[in-house]
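Subject: Structure for you to look over

Dear colleague,

I am passing on the structure we talked about, with some notes on its helices below. Please read them with the coordinates open beside you.

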Amino acid sequence: MRHTKVKDLLNSTKTLQEINAKGWVRTFRNNQFIALNDGSTINNIQCVVDFENTPDETLKRITTGAAVSVTGNLVESKGAGQKYEIQVNKLVILGDSDAEKFPMQPKKHSLEFLRENAHLRVRTNAFGAIMRVRSVLSFAVHSYFQQKGFVYVNTPIITGADAEGAGEMFQVTSLPLDNLPKNEEGNIDYKKDFFGKHTNLTVSGQLEGETFAMALGQIYTFGPTFRAENSNTSRHLAEFWMIEPEVAFNDLNDNMDLAEDFIRYVIKYTMEKCPDDLKFLESRLLDEEKTKPQAERSEMALLEKLNFVLENNFKRVSYTEAIDILRDSTPNKKKKFQYLINEWGADLQSEHERYLVEKHFKSPVILFDYPANIKAFYMRLNEDGKTVRAMDILFPGIGEIVGGSQREERFDVLVEKMKALGIDEEELWWYLDTRRFGSAVHSGFGLGFERLVLFVTGMTNIRDVIPFPRTPQNADF
């Protein structure tokens, strides 16, 4: 018999005869009431067992985590809190779960404990909700760009280029690590490696994406990226997903328009598709906030924060203006900032970004025209010779969520910037070709997908919004 999803049963407009549901037991009360969940919704459906006519041996096997199949009638519920329940006529245990050993018992578990059991944590309400929201957000990303006529491009995961110039990359090699071949100079002979050169896992698909934008007009990438940054913080992952559109003939203003429109779309789409999950995550966040000191609590509830982004125009502010605001701000004058702003050229920290959004402008903020020496080589140099056409989007509670720029399309200027930073022209000969042959103004941005999921779900640790987090000293599962 075909089973019906719990979500569809709960959304039914009428009672039904002889239906089948399959899922996992969340709780079993009084030898009679099963709370059944199949992952299609955060809500469980109550299944009422005829315990007097069910063998004791079967009842003992209805434990938290067990997989079961129930057949019966969908009837109006006599209990409060649910519209329908299943009067069970037939129950089959599909997979037992040892009640004494199953880690996900119906009680409150710490997030750290759940990370240690990442293979099972999705069976909890919180992580089921997070992963459904993540899935919908992912679809919304593709939906937005496809509707706008963008071409989806799969850029390489293995690369010889360091897009950010950060040097914090995972090396890819097939060389025997216990007997590395050396050349005449005594250095590692990468000519004997699989690719015949030094290669790494990518930190960004941007450079390759630019080459496609110069032929297809508007493209986007959405794939895994890697950083070998030894940071064990709530904001860093070694493996994460990046969304990177690149658009030919777009200048910085067009880029800001695109980023603002895109981020509003995906948030609005997810709010429409995931109301139950977001409502639950808002309640979870409120409960978590109660345990924190007043000064550390969020000023806005989750749905209020999401609507804050949808309902307020993004304020566009130059870096120079932002520095003046921060330098003259009360927390800076009273030395409340951890990083004090004393002069132009400072790299803004999360506390500064959040002050601009949450205290000063009370709206999402787009900062632009940053100092060239704190931004990447490929960003277009302004006429002042000291700033570049970069932009960052700042959100409440999280700070920077999008980073992008108008790209440097002038061959001579790009080469000079590469020389100044010691970037090998021969390594990026193919990238420079896009400036040699038919160069044009173009722009793009990058959005770390987990940052977006973090914002939309209200979670505070980035390890909780990706199925299996990869962090320093941790590659379990």
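At what angle do α7 and α8 pack, and how far apart are their axes? In this model, which is a predicted one, α7 and α8 pack at an angle of about 115°, and their axes lie 8 Å apart. On the α7 side the contact is made by Leu-278, Leu-281, Glu-282 and Leu-285, and on the α8 side by Leu-302, Leu-303, Glu-304 and Leu-306. Sorted by type, the residues of this contact comprise six nonpolar, no polar and two charged.

Helix α7 itself, which runs over residues 275-289, has 15 residues and reaches 21 Å from its first C-alpha to its last, close to the 21 Å expected at 1.5 Å a residue. Its buried residues are Asp-277, Leu-278, Leu-281, Glu-282, Arg-284, Leu-285, Glu-288 and Glu-289. Seen down the axis of α7, these buried residues fall within an arc of 165°, so they line one face of the helix. The elements that cover them include α3 (111-116), α4 (125-147), α6, α8 (302-311) and α14 (449-457).

Within α12, the buried residues include Leu-414, Val-415, Lys-417 and Met-418, and since they cover an arc of only 160° around the axis, they are on the same side of α12. On the other side of α12, Asp-412, Lys-419 and Ala-420 are exposed. What covers the buried residues of α12 includes β14 (387-395) as well as α13. After α12 comes Gly-422, whose phi is positive, near 70°.

Finally, please look at Asn-255, which has its place in helix α6 (residues 252-273). Asn-255 counts as buried because its relative accessibility is 1%. Leaving aside residues up to four places away in sequence, Asn-255 touches Asn-250, Met-391, Gly-404, Ser-405, Ser-443, Gly-444 and Phe-445.

Note on methods. Residues numbered from 1 in each chain as written. Predicted model: local features only at pLDDT ≥ 70, side-chain atom pairs only at ≥ 80, totals over all residues. Heavy atoms only, no water. Helix = DSSP H or I, 4+ residues; strand = E, 2+ residues; numbered from the N terminus. Buried < 20%, exposed > 50% of the residue type's maximum accessible area, 1.4 Å probe, protein only. Contact = heavy atoms within 4.5 Å. Expected span 1.5 Å × (residues − 1). Arc of directions from axis to C-beta. Axes fitted to C-alpha atoms, helices over the stretch in contact; angles between N-to-C directions. Nonpolar A, V, L, I, M, F, W, Y, C, P; charged D, E, K, R; others polar.
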